[in-house]
Amino acid sequence: SIITDEGDPFNDILFKKSLDNIKSRQIFSKVTSKVEDGSTDQQKIINITVEEKPTGEVSAGAGTGTSGSAITFSIAENNYLGVGTKLKANTTISDDSLEFLFSIKNPNFRNSDRSLNATIETTNFDQMEKFGYETTTTGFSVGTSFEQYQNVYFTPTISSYFETLDTSSKASKTKRKQEGEYFDTNFSYSIALNKLNSNFQPSDGYKSTFFQELPLIADDKSIINSYQFAKYKKIKNEAILSLNFFAKAVNSIEDDVRVSKRVFIPQRKLRGFASGKIGPKDSGDFIGGNYGSAVNIATTLPKVFSDLQNIDFNLFFDAANVFGVDYNSSLDSNKIRSSTGIAVDWFTPIGPLSFSLAAPISKASTDETERFRFQLGTTF
């Protein structure tokens, strides 16, 4: 976490970045520092004081809307064996899916200044009764992340997954054509330019990230490209204005993109709409697209509610689109969806409670809206 070594000339920027690294670990309840004069003008004595906090977490989340309900339960340890290793097991159950994910992250593997990340996951998505198909995916991934150049981070990953797609007579012709078993081993990487003033609750700067996934040994040779940009700025009344942009494309080298690999907009990037319920439809089923994009603008409201120290309010505007159907262009639903509303994070005695209330502004006639969603978590 401490970037400089003992005896190096004092650098205020690197010192603040080191403090940010310690805070971002989220294993201390309080981090304070004091800088005293050293033996020369370029050297300082740095005293950093930390207060420990419980590093285990148990969280439970629930959501409901026009498309159904979902329950999430997770257990995490953020400082396993006292070396900062993070372990997390997460299970999500919804009306039509079951997901389990176990992940390990060692932020400084063998003191190499490189993280080691590994995941094992399985997902079952059951649409057999409604639309005549069911997918089950099981696999793992292993990767690392490190600072290649100043503020430039490189994250390569190798992943292997086995997937089965079962269909019935209710399924569309395209899904029945794709029925079978698939084994995919892919190489992916991301390159990020991080100019944020802090990775933990940033208030200024920007971060630009490009991601690409390439097939190595795959039954479905699809290439995924995505780009994300985040910008933060503190304005006069101490509110923080944020702008986020997201774009993703998936294209197959040989045939149509498999149903499980198509683009959907993450729920957090389009509030006010049911997750996965916008964009092209085939036989009544939302199938995603070859392309997707989203823009999110938000601002905090610290001055208006200054007496409520445990509650954070945010005003937001979201806009997104999912489009492109490689096997049938007539199914395309190319329309910008947008919403506005308020999001609240409330730090209660039993843990953080967050919810959002959104009003759709523009939508397609086939989209499904979801105005309210909440989540509750606690720690041990």
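In which strand does Ser188 lie? Ser188 is in strand β10, which spans residues 180-194.

## Basis of the model

The model is predicted, with local features requiring pLDDT of at least 70, side-chain atom pairs counted only at pLDDT 80 or more, and totals for chains, interfaces and linings using all residues. Numbering runs from 1 along each chain as its sequence is written, and side-chain values use heavy atoms, with hydrogens and water left out.

## Two strand residues

Strands are DSSP runs of E with at least two residues, numbered from the N terminus. Ser188 has 8% relative accessibility and therefore counts as buried (under 20% relative accessible area; exposed is over 50% and partly exposed in between, with a 1.4 Å probe and protein chains only). Leaving aside neighbours within four places in sequence, Ser188 is in contact (heavy atoms within 4.5 Å) with residues including Thr155, Thr157 and Phe211.

Thr119 belongs to strand β7, residues 115-127, and is buried at a relative accessible area of 19%. Beyond neighbours within four places in sequence, the contacts of Thr119 include Leu101, Phe140, Ser141 and Tyr161.

## A loop residue

Phe109 sits in the loop between β6 (97-106) and β7. Its relative accessibility is 32%, so Phe109 counts as partly exposed. Apart from neighbours within four places in sequence, Phe109 is in contact with Arg114 and Leu116.

Key: Helices (H or I, at least four residues) and strands (E, at least two) are DSSP runs, numbered from the N terminus.
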